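This report is for a reader new to the structure.

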Amino acid sequence: MISTEASSNVVGHVMSVSKFERLFRRAAGLDVDKQDLKRYGDFTNHKIYDLMLRAQASAEANGRDIIEPFDLPITKGLQESIHAFRKIDEEIELQPILDHLTARPPLDLAYSDETESRLPEVAGGLSVALAHTFKLLDSKLKNPRSEHWERCFRIFDLLL
């Protein structure tokens with residue numbers, strides 16, 4: 001989750017914010033601000049938790065005590081968004097920040113190292129999908145407001 005609290009590395013935080021702003025601009029031509037970034041962090045962590053719950057159920061159903069990457073319920077659309085994120089990330093280099101910020105929700109089963117390493121890219125794919133969803137709701141949207149975020153959250157709750 002993105003923290004707006006003071007940190008010992010203010011410059012690093014400012015750089016992180018600017019990289020997230022660039023991600024949304026590159027993905028869908030959106031201008032986001034600090035309030036949006038807090039919402040984004042909440043969204044990402046909530047969706048990662050939802051995906052990990054499904055992954056845990058898959059691992060348990062297959063008699064395993066560790067969550068593997070293939071347990072993650074990655075749809076075709078999300079996979080395409082992950083690929084789009086990789087292309088954008090080559091320029092922005094956001095994955096290390098996502099790695100640090102992506103929540104690893106405590107579950108009954110452990111995550112494999114491969115699953116752990118995949119979560120930042122999944123969060124990046126969710127980010128691209130979220131940006132595109134804003135544009136689907138309103139193709140002329142530039143600055144998402146609270147109601148846009150709430151509508152996107154409801155859409156993702158139906159899908160993931």
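## Arginine 64 and its surroundings

Apart from neighbours within four places in sequence, arginine 64 is in contact (heavy atoms within 4.5 Å) with Ser58, Ala59, Phe70, Asp71 and Leu109. The model is a predicted one, in which local features need pLDDT of at least 70 and side-chain atom pairs count only at pLDDT 80 or more, while totals for chains, interfaces and linings use all residues. Residues are numbered from 1 along each chain as its sequence is written, and side-chain values use heavy atoms, with hydrogens and water left out.

Arginine 64 sits in the loop between α2 and β1 (66-67); helices (H or I, at least four residues) and strands (E, at least two) are DSSP runs, numbered from the N terminus. Its relative accessibility is 23%, so arginine 64 counts as partly exposed; buried means under 20% relative accessible area, exposed over 50%, and partly exposed in between (1.4 Å probe, protein chains only). A polar atom of the arginine 64 side chain lies 3.2 Å from the backbone oxygen of isoleucine 66. Serine 127 is 63 residues from arginine 64 in sequence, and their C-alpha atoms are 30 Å apart in space.

## Aromatic pairs

Seven aromatic pairs are found in a search of the whole structure. Rings of Phe, Tyr and Trp (its six-membered ring) pair if their centres lie within 6.5 Å; planes under 30 degrees apart count as stacked, over 60 as edge-to-face and the rest as tilted. Phenylalanine 20 and tyrosine 40 form a tilted pair, because their ring centres are 5.2 Å apart and their planes stand at 55°. This pair links distant parts of the chain, with phenylalanine 20 in helix α1 (residues 10-28) and tyrosine 40 in helix α2 (residues 34-61), 20 residues apart. Both phenylalanine 20 and tyrosine 40 are buried.

Tryptophan 149 and phenylalanine 153 make an edge-to-face pair, 6.0 Å centre to centre with 70° between the planes. These two are four residues apart in helix α6 (residues 146-159), so about one helical turn separates them. Tryptophan 149 is buried at 1% relative accessible area, whereas phenylalanine 153 is partly exposed at 25%. Ring pairs join Phe20, Phe24, Tyr40, Phe43, Phe134, Trp149, Phe153 and Phe156 into a cluster.

## Helix α3

Helix α3 (residues 76-92) has 17 residues and should span 24 Å at 1.5 Å a residue, which agrees with the 24 Å between its end C-alpha atoms. The expected span is 1.5 Å times one less than the number of residues.

Buried residues in α3 are Leu78, Ser81, Ile82, Phe85, Ile88, Asp89 and Ile92. Just after α3, glutamate 93 has a positive phi of about 55°.

Methods
A polar contact is a pair of N or O atoms within 3.5 Å; within protein, one must be able to donate a hydrogen and the other to accept it, and residues adjacent in sequence count only if both atoms are side-chain atoms.
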